[in-house]
Amino acid sequence: MDTGSGKAPRSRARMLELVFPKDTNYHGTAFGGWVLSLMDKAASVAAVRHAGTGGNVVTARMDGVDFHVPIRVGDAVALDARVVRVGRTSMTIRVDVYRENMASGEQELATTGFFVFVALDEQGRPRAVPALAPEALDATELDPRP
């Protein structure tokens with residue numbers, strides 16, 4: 001992670017959203033599909049940042065998404081997306097979603113998932129992506145899949 005340049009890390013993205021009634025089901029909790037779309041958006045920003053020049057990426061797979069606790073109307077949703085594995089043309093991004101009580105500031109991990117993106121050239125063909133910088137890795141964030 002960048003420690004002093006004032007720039008955001010290139011293999012990471014963070015987002016914040018508020019949960020409104022239109023984003024929920026009849027239980028007053030966030031629709032799973034709405035949460036997945038936010039996760040895909042955050043993951044795509046991390047993938048584009050990591051892929052660099054050309055910046056075209058597509059979602060190839062959503063994998064191992066676990067919903068731990070419900071997210072309710074009025075909660076803030078904080079997303080943290082990090083590239084955790086890089087192949088020749090693909091990137092695996094871990095996305096953690098935290099629900100935050102706006103009044104107390106208390107946060108709780110609500111959802112975790114892994115997204116695979118492929119970088120594309122101008123003709124829409126897979127293109128090589130840079131290696132992941134060693135300082136970007138944290139052993140607790142690694143993709144647990146083989």
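Author: Gladly, and let us begin with pairing: two strands pair if DSSP finds at least two bridges between them. Helices (H or I, at least four residues) and strands (E, at least two) are DSSP runs, numbered from the N terminus. The model is a predicted one, where local features need pLDDT of at least 70 and side-chain atom pairs count only at pLDDT 80 or more, while totals for chains, interfaces and linings use all residues. Residues are numbered from 1 along each chain as its sequence is written, and side-chain values use heavy atoms, without hydrogens and water.

Reader: How do you know that strand 4 and strand 5 pair?

Author: Eleven bridges join strand 4 and strand 5, in the antiparallel sense, and the definition asks for at least two, so the term applies. Glutamate 100, for instance, has glutamine 107 in strand 5 as its bridge partner.

Reader: What makes strand 1 and strand 2 stand at the edges?

Author: The open sheet has five strands in the order 1-3-4-5-2, with antiparallel pairing. Strand 1 and strand 2 each have a single partner strand, so one side of each lacks a neighbour in the sheet.

Reader: How do you know the span expected for helix 1?

Author: The expected span is 1.5 Å times one less than the number of residues. Helix 1, residues 32-51, has 20 residues, and its 28 Å from first C-alpha to last is close to the 28 Å expected. Just after helix 1, glycine 52 takes a positive phi of about 75 degrees.

Reader: Which residues of helix 1 are called buried, and what do they pack against?

Author: Buried means under 20% relative accessible area, exposed over 50%, and partly exposed in between (1.4 Å probe, protein chains only). Among the buried residues of helix 1 are Trp34, Leu38, Met39 and His50. The buried residues of this helix pack against strand 1, strand 2, strand 3, strand 4 and strand 5, where contact means heavy atoms within 4.5 Å.

Reader: What makes a set of residues a nonpolar core?

Author: Its members are buried Ala, Val, Leu, Ile, Met, Phe, Trp, Tyr and Cys residues joined through side-chain atoms within 4.5 Å. The largest such core here has 29 residues, and Leu79, Met91, Ile93 and Val95 have the most contacts inside it. Helix 1 gives the most to this core, with nine residues.

Reader: What does valine 95 touch?

Author: Valine 95 touches residues including Met39, Ala43, Leu79 and Phe115, not counting residues up to four places away in sequence.
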